Amino acid sequence: MLTQQTTEPRTLAEREQQLLSTLLDVRNPQQRLAVIVERARRRPSLDASRRIDAHRVEGCLVRTWFIAEMRDGRCSFIMDSDAVTLKALLGLLCDIYSGFPPDEIALTAPDFLQRVGVMHQLAENRQRTVMRIAKQIHEFAVRQLRLVA
């Protein structure tokens, strides 16, 4: 089961490493994905007022929403999807990167889920959607840096 560590990571790299270590303790990639999906089942749904076309993920065959915002100088990412695997993996990405400043996210390669080793279990369209959102998270952070500069 994915649980929060007792010590909150101070950096994005620490958060990624903690989570990666926890997930890779589950040796079987199918079981690892099942753990991530189970976590998503407890994730609250996105408020109906935010489930609007402006937040819909283009090119996705199922309804999926993604919102990137700045809050107090830190990035915040939220999402929802009608597909539990997308809700699981995209929610995991949002959890990882939310709460960190854009410069820290911009310096991080958007490849966390590839390192977790679950992407190959997804249909090609779902893989593209997940990779597209990982890229959007990174690009949002880079855009925020440009706005400040």
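The following conversation discusses a predicted protein model.

Trainee: Before we start, what should I know about the numbering and the model?
Mentor: Residues are numbered from 1 along each chain as its sequence is written, and side-chain values use heavy atoms, with hydrogens and water left out. As this is a predicted model, local features need pLDDT of at least 70 and side-chain atom pairs count only at pLDDT 80 or more, while totals for chains, interfaces and linings use all residues.

Trainee: How many helices and strands are there in the protein?
Mentor: The protein has six helices and two strands. These are DSSP runs (helices: H or I, at least four residues; strands: E, at least two), numbered from the N terminus.

Trainee: And which pattern do they follow along the sequence?
Mentor: The pattern reads α-α-β-β-α-α-α-α.

Trainee: What is the radius of gyration of the protein?
Mentor: The value is 15 Å, which agrees with the figure near 15 Å for a compact globule of 149 residues. The radius is taken over C-alpha atoms, and the globule rule is 2.2 Å times the number of residues to the power 0.38. Along the principal axes, the C-alpha trace spans about 45 × 35 × 25 Å.

Trainee: What percentage of the residues is buried?
Mentor: Buried residues account for 43% of the 149. Buried means under 20% relative accessible area, exposed means over 50%, and partly exposed lies in between (1.4 Å probe, protein chains only).

Trainee: Let us take leucine 90. Where does it lie, and is it buried or exposed?
Mentor: Leucine 90 lies in helix α3, residues 84-97, and is buried at 1% relative accessibility.

Trainee: Which residues is leucine 90 in contact with?
Mentor: Leaving aside neighbours within four places in sequence, leucine 90 is in contact with Thr64, Met79, Thr129, Val130 and Ile133. Contact means heavy atoms within 4.5 Å. Leucine 90 and valine 130 are 40 residues apart in sequence, and their C-alpha atoms are 6.4 Å apart in space.

Trainee: What about glutamate 16, buried or exposed?
Mentor: Glutamate 16, in helix α1, is buried, with a relative accessible area of 6%. Apart from neighbours within four places in sequence, its contacts are Ile96, Tyr97, Thr108, Phe112 and Arg115.

Trainee: Which helix holds leucine 19?
Mentor: Leucine 19 lies in helix α1, residues 12-24, and is buried at 16% relative accessible area. Between leucine 19 and phenylalanine 112 there are 93 positions in sequence, and the C-alpha to C-alpha distance is 9.7 Å.

Trainee: On to cysteines. How many disulfides are found?
Mentor: A search of the whole structure finds zero disulfides. A disulfide is a pair of cysteine sulfur atoms within 2.5 Å.

Trainee: Last topic: what is phi of aspartate 72?
Mentor: Phi of aspartate 72 is near 55 degrees, a positive value in a residue other than glycine. Most residues other than glycine have a negative phi.

Trainee: Where is aspartate 72 placed, and is it buried or exposed?
Mentor: Aspartate 72 is in the loop between β1 (64-71) and β2 (74-81), and is exposed at 84% relative accessibility.
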